[in-house]
Each structure stands twice: as C-alpha cells, then as structure tokens.
Amino acid sequence: MEKAKFKVSKTFEKRSGRMTIFLTSVAVVSYLLVRFGNDYIALYENSQVALPVIARAAISATQFIAGYWWAIAICAVVLTLLFYAITRKGTIFTILSILTWLAGALCYVALWLPSRSLAKALGG
C-alpha cells in the first residue's frame, strides 16, 4: 500500500490548539457578556443611579455583541486566518486569548460596580 501524500505541516499542529482556544475564548466571553449584561441593563433601566462612562460603554458593548454576534464571529475567524498566514508561532493566539478574557472581566466589573451604589441608595 502507498502512503498518503497529504501531510499536515508541523506549524499548523503547533498552532491549532492555540487558535481553538482563542476562538473559544471569543465565543464564551461574548456569550457571558450578553447573558449577564442583559441582567444588569434591566437592573439599571429604572434606577436613579447615574452610571459612570465605563459602565455605559460596557452596556453599549453588550448591546453591540447581542445585536451583531455574527460580525464578532466573522471578525474572529478572519483575524485567526490573518495571523495564521502572517506568523509562524502560536504565541499571538495565546496573547489574544488572554486579552479577550481581560476585556470580558473589565466589562463585567464595569457593569457590577454601579450595582453596589444602587444597593446603598436603596438601603441594602
């Protein structure tokens, strides 16, 4: 029997796991922001607490992700393919994954902090 001529390059094997982690990170962080962001948006709609600029930005980002999730997915895939073509190592995907999680954590904290002042305003 002949051996198959199709061969996957070793550079793809080294980067495929990191690319998967990056794409999964984008999907999970987007889902969590929409899931919890909508709860905070409903909480702040009827309150008299003035929201800081960063909280309003996080609410806008949450609404953008909820409305244009398909654009986020396409951009993540295009970015992955672009960096796959440009780079030889998967380090950039690790960095992008970490930055994705940090941005998600920042948005969550920006949404959560005004809820503390809302609880104090209501006497709780």
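The model is a predicted one, and the values below are computed from it. Six aromatic pairs occur in the structure, and the largest pocket, with a volume of about 260 Å³, takes lining residues from several helices, including α1 and α2.

**Aromatic pairs**

- Among the six aromatic pairs of the structure is the one formed by Phe36 and Tyr108, whose arrangement is edge-to-face, with 6.3 Å centre to centre and 75° between the planes.
- Because Phe36 belongs to helix α1 (residues 10-45) and Tyr108 to helix α4 (residues 91-121), this pair ties together parts that are 72 residues apart in sequence.
- Both partners are partly exposed, Phe36 with a relative accessible area of 38% and Tyr108 with one of 36%.
- Another pair joins Phe64 and Tyr68, and here the geometry is tilted, at 5.2 Å centre to centre and 35° between the planes.
- Phe64 counts as partly exposed at 41% relative accessibility, and Tyr68, with a relative accessible area of 41%, is likewise partly exposed.

**Helix α2**

- Helix α2, which runs over residues 53-67 and has 15 residues, reaches 21 Å from its first C-alpha to its last, close to the 21 Å expected at 1.5 Å a residue.
- The buried residues of α2 are Ala55, Ala58, Ile59, Thr62 and Ile65, and they lie on the same side of the helix, because they cover an arc of only 125° around the axis.
- In general, an α-helix has 3.6 residues a turn, so residues three or four places apart point the same way.

**Largest pocket**

- The largest pocket, of about 260 Å³ in volume, is lined by 15 residues, of which Val29, Ser30, Ile65, Thr100 and Ala103 are the closest to its centre.
- Two or more residues of the lining come from each of the elements α1, α2, α3 (69-86) and α4, and the largest share, five residues, is given by α1.
- By residue class, the lining of the largest pocket divides into twelve nonpolar and three polar residues, with no charged ones.

Definitions and conventions:
Residues are numbered from 1 along each chain as its sequence is written. This is a predicted model: local features need pLDDT of at least 70, side-chain atom pairs count only at pLDDT 80 or more; totals for chains, interfaces and linings use all residues. Side-chain values use heavy atoms; hydrogens and water are left out. Rings of Phe, Tyr and Trp (its six-membered ring) pair if their centres lie within 6.5 Å; planes under 30 degrees apart count as stacked, over 60 as edge-to-face and the rest as tilted. Helices (H or I, at least four residues) and strands (E, at least two) are DSSP runs, numbered from the N terminus. Buried means under 20% relative accessible area, exposed over 50%, partly exposed in between (1.4 Å probe, protein chains only). The expected span of a helix is 1.5 Å times one less than its number of residues. The arc is that of the directions from the helix axis to the C-beta atoms. On a 1 Å grid over the protein atoms alone, a cavity is a set of points where a 1.4 Å probe fits but cannot get out, and a pocket is an open set with protein on both sides within 12 Å along at least five of seven lines; lining residues have an atom within 4 Å of a point. Grid points are joined across faces, edges and corners, and a volume is the space filled by probe spheres set on the points. Ala, Val, Leu, Ile, Met, Phe, Trp, Tyr, Cys and Pro count as nonpolar, Asp, Glu, Lys and Arg as charged, and the others, Gly among them, as polar.
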